[in-house]
Amino acid sequence: MAKTLAIQMPSPRQKTFLTATTRHIGFGGARGGGKSWAVRTKAKLLALRYPGIRILIVRRTYPELINNHIRILCQELSGIGEYHDRDKLIAFPGGSIIQFSYCDRDTDLDRLQGVEYDVIFLDEATQLSEYQMKTITACLRGVNDFPKRIYYTCNPGGQGHQYIKRIFIDRKYRDGEDPRDYTFIQSLVTDNHALMKTQPDYVKQLEALPYKLRQAWLHGRWDIFEGQFFEEFRESPDLAMCEKAGITPELAKKQGRWTHVIEPFDIGSGACRGWTLYRSYDFGYAKPFSCAWWAVDHDGTLYRIMELYGCTENPNEGVKWTPDRQFQEIARIEREHPWLRGRQILGVADPAIWDVSRGESIADTAIRYGVYFTPGDHARVSGWMQCHYRLQFDENGYARCYVFDNCKGFIRTVPTLRYDTNRPEDLDTAGEDHIADEWRYLCMSRPVQPIREAAPRGLLNDPLRS
Ligand SMILES: Nc1ncnc2c1ncn2[C@@H]1O[C@H](COP(=O)(O)OP(=O)(O)O)[C@@H](O)[C@H]1O
Ligand SMILES: [Mg+2]
């Protein structure tokens, strides 16, 4: 006997999505708004309503496809449609198909050549580039009476941010684009009643994000990733906060409150001798290399105590020190400097320095000078988030990362970094980012939770991350 399909109740926003009929339909604009659910539901309804219809669901990666769509749909459609793993599609008795495809890089597009679909879903479309979206949606054709539609679910951020923002948010159309073909339905996590009920913690996690990410992912703002990347970085105490706290900026600087830059103190004596020391490193030859030494106090607060930045007057040119010369100097400093002499130093570096494809790896060169590293975690977005968390002030104005005022390179370069227009939650790598990279590896080696107490878990273990 044929099984009937049970569909859960859509939220009001999901209902608008399910009933929209324009050629291009955008949905979401924030995290947790019930986007993937809406994709699966609409795909099922179309497949059953139009026997013979060809539907495509796209995600950036194959694991995301499996976790968000294939596994769940196979379960829900068991007894109704049949999954063919070789072709990555679910076939229905009436002749409809739901096909799954991923597009991690442009060469993945080759699989779509000459294929036709009636309806295409790009789930998390902003993770695809404009070129990828356009190539995939060029498969929308077919001589039949089935609806021809493209559904885009999206968050601010990602390489497709500018394109999606233009067609659905700014609604600035070019030749050949008809405004009447485009509908956007915003759905925030607060519109997803099912999730609010089953995982109330998820909203708290979004609330604990750094300001800009919170505006984008919780409130669905698309205009936020502009300007300075580390706008919260304070080279001197925040005057308004000092006044509120009733202390002078001089005292605040001494106490390390409402500022990230402080006067150096003697790391080589007293209690500081028991603190853990780190060395973080980003390799460069034609571009600058950056090496910094850090002390970690018993509360886990980081102090950038010294740096060796290989940069000429031209900020994007390295001093062209060979790796040997760099490690010779690093080893000398560690042998001679009173703060470092005779102490164990934990090294963390860009994992790319273990590359052996061009002969001896940079990491092996370092070992010849007695300079040891472990590979850092180079996940960029979660890494930057760790840097942001470290800069957050608690209610008394204390941060969890300080910079000694002798670290001129950090103080000069970090405030100059900008958002990347193509990948807006990342920073623009055209900037002088070598010091920030090395700082990010260090932060990732000692991850912290955001300061706000309402956040039991950070985005590092975000249940909706996939
Ligand atoms: N209408 C609904 N009924 C029941 N559960 C839902 C509904 N909409 C969303 N959910 C559930 O809420 C969670 C988040 O939804 P999801 O579609 O994955 O969000 P997004 O893709 O926007 O991050 C999922 O567990 C999903 O199954
Ligand atoms: Mg999703």
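The model is a predicted one, in which local features need pLDDT of at least 70 and side-chain atom pairs count only at pLDDT 80 or more, whereas totals for chains, interfaces and linings use all residues. Residues are numbered from 1 along each chain as its sequence is written, chains are lettered from A and ligands numbered from 1 in the order in which they are written, and side-chain values use heavy atoms, with hydrogens and water left out.

Ligand 1 is surrounded by 14 residues, a residue being near a molecule if one of its heavy atoms lies within 4 Å of it. The closest are M9, Q14, K35, S36 and W37. Among the secondary-structure elements (DSSP runs, numbered from the N terminus, of at least four residues in state H or I for helices and at least two in state E for strands), α2 (35–49) and α6 (193–198) each supply at least two residues of this shell. The greatest contribution is that of α2, with four residues.

Backbone atoms also approach the ligand. A backbone N or O atom of S36 lies 2.9 Å from an oxygen atom of ligand 1, and the corresponding distance is 3.0 Å for G34 and 3.3 Å for G32.

The domain assignment, which is automatic or taken from a database, gives domain 1 (12–202) and domain 2 (239–460). Their C-alpha centres lie 41 Å apart. Seven residues of domain 1 are in contact (heavy atoms within 4.5 Å) with seven residues of domain 2. Between them the two domains bury about 550 Å², 51% of it on carbon and sulfur atoms; buried area is the accessible area (1.4 Å probe) that two parts lose on being put together, summed over both.

Methods:
Polar contact = N/O pair within 3.5 Å; in protein donor to acceptor, adjacent residues only side chain to side chain.
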